[in-house]
Amino acid sequence: MFRLMEEKLSIRKEKLNSQLEIIYLKGILDAHSAPYLESSIGDSILSGASYLIFNLKELEYISSAGLGVFMAFVEDLRNNGGDIKFAELNEKIYIIFELLGFHLIFDILNSTEQAIDYFNQKKLRTNE
Amino acid sequence: MNSSFETCTYYLRINADFAELDKLRNFVINSVLALGMDSVKANLFALAVEEACTNLIKHSYNFDSSREITLRIVQQNKEIQVIIEDDGPSFNPLKVLPIKMEKIHKNLKKGGMGIFIISQIIDKMQYFPKDKTNSKNRLILTKNFV
């Protein structure tokens, strides 16, 4: 099932350090592909990632089931000092985020680098 | 409502299966683009229809893929309507409206986003539960497109 799903939703991960991971999403994130992403995020968290940056530049579509995946993880991550940030949203996706007020509860950054900087600064503050 | 097939422009029947969502989305987008809706509105309209059908597959049909959902897209003056029919247990989504955005944010894990999304995108929502004369529930979503 997942092999077919990879054609619908591509998930590429880049681990910057033990806690920080960039996840690039490409394709369609709907009720059909949401469990695939959920499982993949679960794997990242199990392997120690607590700061997740989702680059959505090439995501073509998202529905409430897809948005629900981020919601399922963000509370627990924040309670444990981690977080989720979004970067490089294209217009189609931003419109839907705005519709649901996601821009009020998540940081949406223009570039992945900005999101990385944010996490690095937070880490420095925590270590002070 | 005039539900005669003379006004029917596009028709699709899908099984109650999330694997059918791609077909559904493409059908809605292609139909409304052909009727003159712009691409931004077309994508949002498809999202609203998909949210309604996702709820049917999940809650009304309980993932029984042998069950069916039918869609008709019609144009009436400056409005486009999609008529979604199912034969599961009746559920009027208008009964849970209005939903406040703050409530969605406070209950991050509990869902309810689908109906909220529909209400944000669609200009008019009507629901007719099945009865003695009509064996199917009918949800009608209307959007102005000019």
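**View 1. A:Ile95 in its helix.** A:Ile95 sits in helix α4 of chain A. Helices (H or I, at least four residues) and strands (E, at least two) are DSSP runs, numbered from the N terminus. The structure is a predicted model, in which local features need pLDDT of at least 70, side-chain atom pairs count only at pLDDT 80 or more, and totals for chains, interfaces and linings use all residues. Residues are numbered from 1 along each chain as its sequence is written, while chains are lettered from A and ligands numbered from 1 in the order in which they are written. A residue is buried if 20 or more other C-beta atoms lie within 10 Å of its own, exposed if 12 or fewer, and partly exposed in between; C-beta atoms are placed from the backbone. A:Ile95 and A:Met5 are 90 residues apart in sequence. In space, 25 Å lies between A:Ile95 and A:Met5, C-alpha to C-alpha.

**View 2. The sheet of chain A.** In chain A, 5 strands make an open sheet in the order β1-β2-β3-β4-β5, with mixed pairing. Two strands pair if DSSP finds at least two bridges between them. The edges are β1 (9–15) and β5 (107–109) of chain A; each has a single partner strand, so one side of each is left without a neighbour in the sheet. From one strand to the next, the twist averages 25°. Angles run from 0 to 180 degrees between N-to-C directions, and axes are lines fitted to C-alpha atoms, for helices over the stretch in contact. β1(A) runs antiparallel to β2 (residues 20–29) of chain A, and 7 bridges join them. A:Lys13 has A:Ile23 in β2(A) as its bridge partner.

**View 3. Helices on the sheet.** Helix α2 (residues 34–46) of chain A lies across β1, β2 and β3 (51–62) of chain A. α2(A) runs at about 10° to β1(A). α3(A) also packs on the sheet, touching β2, β3 and β4 (83–87) of chain A. The direction of α3(A) makes about 140° with that of β4(A).

**View 4. Where the chains meet.** 19 residues of chain A are in contact with 19 residues of chain B. Two residues are in contact if their C-beta atoms, placed from the backbone, lie within 7 Å. On the side of chain A that touches chain B, α3 and α4 of chain A are the elements that give two or more residues. The largest share, 8 residues, comes from α3(A). By class, this side of chain A has 11 nonpolar, 5 polar and 3 charged residues. Ala, Val, Leu, Ile, Met, Phe, Trp, Tyr, Cys and Pro count as nonpolar, Asp, Glu, Lys and Arg as charged, and the others, Gly among them, as polar.

View 5. Helix α3 (residues 64–79) of chain A packs against helix α4 (residues 113–121) of chain B at an angle of about 130°. Their axes are 9 Å apart. α3(A) and α4(B) are therefore oblique to each other. (Angles under 35 degrees count as roughly parallel, over 145 as roughly antiparallel, 65 to 115 as roughly perpendicular and the rest as oblique.) Which residues make the contact of α3(A) and α4(B)? α3(A) brings A:Ser64, A:Leu67 and A:Gly68, and α4(B) brings B:Met113, B:Gly114 and B:Ile117. In this contact, 3 residues are nonpolar, 3 polar and none charged.

**View 6. The enclosed helix of chain B.** In α4(B), 7 of the 9 residues are buried, so α4(B) is largely enclosed by the rest of the structure. Among the buried residues are B:Phe116, B:Ile118 and B:Ile121. The buried residues of α4(B) pack against elements of chain A and chain B, including α2 (39–60) and β4 (124–128) of chain B. The axes of α2(B) and α4(B) come within 9 Å and cross at roughly 150°. The contact of α2(B) with α4(B) has 8 nonpolar, 3 polar and 1 charged residues.

**View 7. The two faces of β5(B).** In a regular strand, side chains alternate between the two faces of the sheet. In β5(B), B:Asn137, B:Leu139, B:Leu141 and B:Lys143 point to one face and are buried. β5(B) pairs with strand β3 (residues 79–86) of chain B in the antiparallel sense over 8 bridges. Here B:Ile83 stands opposite B:Ile140. β4(B) also runs antiparallel to β5(B), joined by 5 bridges. B:Gln126 has B:Ile140 as its bridge partner in β5(B).
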